[in-house]
Amino acid sequence: MSCTPVTVTAPDGAALTACTHGGHVLGWVPVGGAQRLWLSPTAECGPGRAIRGGVPVIFPQFAGRGPLPKHGFARDRAWQRVDGCPAGTWAATLRDDEQTRALWPYAFELRLTATVAAQELTIDLEVRNDGAQPFEFTAALHGYLVVRDPHAELAGLGGLHAQDNARPEPADDGDPVWLGAPGESVPALQPRDVSLLGATDPVDLVDGTLGRLTLTAEAFTDRVVWNPGPGHGLADVPAGAEAGFVCVEAARLTPVTLPAGATWTGRQTLRAEPSVAL
Ligand SMILES: O=P(O)(O)OC[C@H]1O[C@@H](O)[C@H](O)[C@@H](O)[C@@H]1O
């Protein structure tokens, strides 16, 4: 297993950094721009550890919505890098083994393909069922987005029903919280932990320092927005560092049933506009 980050650069200069632990994209710098993914200065990397920052891969279970360890196991395991990718692309795979089957008794392959070009980072997550029976999963690309402007806002989520993830049974909770009225924006740095089902429109992080960042997704039909706020007690988020990021996650929270031999692909695209060099 390697925790050694590698940086791949597109012919136009856009760059991404990734490591095989967790199949994890750690950083992204669009052409002429600044770093857009937050990575904790105290992030830990190694077997059983989840890297705090970048884009953790959540599979086969989102958060505590099932019997598996929180957020599943894909993020804390060693993946294999795929050789021979074009410039600006990094890919890695994870297959089932004895340890994953002890937790989740299915044969699968995950393939994560991250590509940068110009102002975009595109991440595809493919899930292949290598077994003889269907399986169900939930998944997310749990992106930590850099925030520089304390007054940054999130647009595109107003008017949607949001479930409070802190409640024990968020999926069954009939009491929604709201992220503003339709068309309204909300402060990006408010402490918040919500799931938005069927949130398929683009989400904009509007940062007066860095510029706008737009998240779109395919097959990831839901969004999760998380910022732990001050006093979070997270060992790998230094005090005050929570004011430097917001997580906007492309998620699939309604389980996918994947037949034997089939492949599901989810895509998340981040577009920085305009690009600002700092
Ligand atoms: O600390 P973890 O396991 O990486 O989880 C971080 C957060 O991830 C988010 O996706 C969840 O909605 C939050 O509830 C959770 O706290």
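Reply: Helices (H or I, at least four residues) and strands (E, at least two) are DSSP runs, numbered from the N terminus. The model is a predicted one, in which local features need pLDDT of at least 70 and side-chain atom pairs count only at pLDDT 80 or more, while totals for chains, interfaces and linings use all residues. Residues are numbered from 1 along each chain as its sequence is written.

The protein contains 1 helix and 20 strands. Its radius of gyration, taken over C-alpha atoms, is 18 Å, close to the 19 Å from the globule rule (2.2 Å times the number of residues to the power 0.38) for 278 residues, so the protein is as compact as a globular protein of that length. The C-alpha trace spans about 50 × 50 × 35 Å along its principal axes.

Now to the sheet. Two strands are taken to pair if DSSP finds at least two bridges between them. On that basis, 9 strands form an open, antiparallel sheet in the order 5-6-7-8-20-17-16-11-14. Strand 5 (80-81) and strand 14 (185-187) are at the edges with a single partner strand each, so one side of each has no neighbour in the sheet. Within the sheet, strand 11 (residues 153-155) runs antiparallel to strand 16 (residues 203-207), and 3 bridges join them. In this pair, E153 is opposite V206 of strand 16.

Helix 1 (residues 98-103) includes Q99. A residue is buried if 20 or more other C-beta atoms, placed from the backbone, lie within 10 Å of its own, exposed if 12 or fewer do, and partly exposed in between. Q99 counts as exposed because it has 12 C-beta neighbours inside 10 Å. The C-alpha atom of Q99 is 9.7 Å from that of F73, 26 residues apart along the chain.

Of the 278 residues, 42% count as buried. A nonpolar core is a set of buried Ala, Val, Leu, Ile, Met, Phe, Trp, Tyr and Cys residues joined through C-beta atoms within 7 Å. The largest such core has 74 residues, and V25, L37, L145 and V246 have the most contacts inside it. Strand 19 (residues 245-258) gives the most to this core, with 8 residues. Contacts are defined by C-beta atoms, placed from the backbone, within 7 Å. Leaving out residues up to four places away in sequence, L145 touches R36, L37, W38, L205, L213, F245, V246 and V248. Among contacts between residues at least 6 apart in sequence, 67% join residues at least 24 apart.

Definitions and conventions. Contact = placed C-beta atoms within 7 Å.
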